[in-house]
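Okay, everyone, let's get started.

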Amino acid sequence: MKPNATYGEIRKNPGTLLEWEKHRSPDYWEYRRKWVEYPKQGIVPEFPLCLDIETTNVCNLDCIMCPRTVYIARGTYGPIGLMDFDFYRSLIDQGAEYRLPSVKLQYLGEPLAHPDLPRQIRYAKDAGVLDVMFNTNATLLTGEKAHAILEAGLDSIFFSVDSIYPEKFNSIRIGAKYEEVVANIIRFCEIVRRGGYHHVQTRVSMTVMDNDPEELVKFQEFWLRHVDAVGFGMYHDVLADGIDTPYNPHFTCAQPFQRMFVMWDGVCTPCCEDDHRGYPTGSARTTRLKEIWDGPAYRRLRQAQLDGRYKDIGICQKCYVPFTALDGRVISVDSVVSELKEAARIQRTRTHDQADLELSDKARRRKPPGAVSA
């Protein structure tokens, strides 16, 4: 059983507990144990350990490596909208019946674009959810919003930044301004410290290209002065929307034993890589989550994984995760370059070719003139 994480994490002192870890409860650590151990043993929990709730698929950026950007350019992206609070409440209430431990409030959208975000966080915390988290591009993270989501009970926040160089950042995260994003993140971290929100986990992440080991060193040197950890994922050389790799008979995906994704309109999918809804498992608008979790689509997917037949499933045939070199490991700042180069070699990481980018007309208009290659 391979961990489903497709990123690495850099800490100053990997063997030392971070401040936020010292303030998490025994129930939290029991949930994390199940997250790791249940997939290894083929154990299906009574209910997902995490609900990934796409509260909105609205986003204010056109990031060049994001599937949302590509689908919009192709004209294949679905309707855009916001999840209404009554529906959101029904999802949390169903989870509370089974002591749902974790909720992530985003998928292909920017969660800070939803006006109900503080209310969503508070409702989940009041329902007993141990870890409420989300990823964000931080462009909309004003001081007022920072206070609101922290007071609501946010547990973890992951910032997507992607470069330490302003011009390069602006060419990757089209529509964002480097200086504003950095200022927003640093201000948030200062509010966390001054406000005594010791339980809150902060991480800044970047997507790494084959020319980036040295940049990642500079990236972590800057950001580890402000956040708990630096995360990084690898850019994959994808052919025809699928990785060109042989079958990996030793791979079993953990996600069907851990989590469920619920899109803003109710469509449910099983994993973080199904960004085109290629394997819908049901609709939470019409079916209870427990019934979907125990239903035929999930059962078929899990059995294919356990039997070593993951390529019987369409979305799994084109998945790069069976050959990722990263597995969520925590590494020290001293071994960044060597581990990154080895991971890049295994995964055939390459540099973005700006001429090959699939961008919508709107994204091309927003793209900074003379933008450097990523």
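**Salt bridges and a helix pair**

R89 and D86 sit 3 residues apart in helix α4, so about one helical turn separates them. Keep in mind that this is a predicted model. These two form a salt bridge, with 2.4 Å between the closest N and O atoms. R89 is partly exposed, at a relative accessible area of 27%.

R89 also turns up in a helix contact, on the α4 side, along with F85, Y88, I92 and D93. Across from them, α5 brings in R119, Q120, I121, Y123 and A124. By class, that contact has 6 nonpolar, 1 polar and 3 charged residues.

So how do α4 and α5 pack? The angle is about 25°, and the axes are 10 Å apart. Anything under 35 degrees counts as roughly parallel, and therefore α4 and α5 are roughly parallel to each other. The crossing of α4 past α5 is right-handed.

Back to salt bridges. How many does a search of the whole structure find? It's 20. One pair I like is D265 with R277, where the closest N and O atoms are 2.9 Å apart. D265 is in the loop between β12 and β13, and R277 is in the loop between β13 and β14, so the pair ties together parts 12 residues apart in sequence. D265 is partly exposed at 24% relative accessible area, and R277 is partly exposed too, at 30%.

Then there's D307 with R309, at 3.1 Å between the closest N and O atoms. D307 counts as partly exposed, with 42% relative accessibility, and R309 does as well, at 35%. Finally, shared partners link E9, R11, E21 and R203 into one salt-bridge network.

Technical notes
Residues are numbered from 1 along each chain as its sequence is written. This is a predicted model: local features need pLDDT of at least 70, side-chain atom pairs count only at pLDDT 80 or more; totals for chains, interfaces and linings use all residues. Side-chain values use heavy atoms; hydrogens and water are left out. Axes are lines fitted to C-alpha atoms, for helices over the stretch in contact, and angles run from 0 to 180 degrees between N-to-C directions. Helices (H or I, at least four residues) and strands (E, at least two) are DSSP runs, numbered from the N terminus. Angles under 35 degrees count as roughly parallel, over 145 as roughly antiparallel, 65 to 115 as roughly perpendicular and the rest as oblique. A crossing is left-handed if the near helix is turned anticlockwise from the far one by less than a right angle, and right-handed if clockwise. Contact means heavy atoms within 4.5 Å. Ala, Val, Leu, Ile, Met, Phe, Trp, Tyr, Cys and Pro count as nonpolar, Asp, Glu, Lys and Arg as charged, and the others, Gly among them, as polar. A salt bridge is a side-chain nitrogen of Lys or Arg within 4 Å of a carboxyl oxygen of Asp or Glu. Buried means under 20% relative accessible area, exposed over 50%, partly exposed in between (1.4 Å probe, protein chains only).
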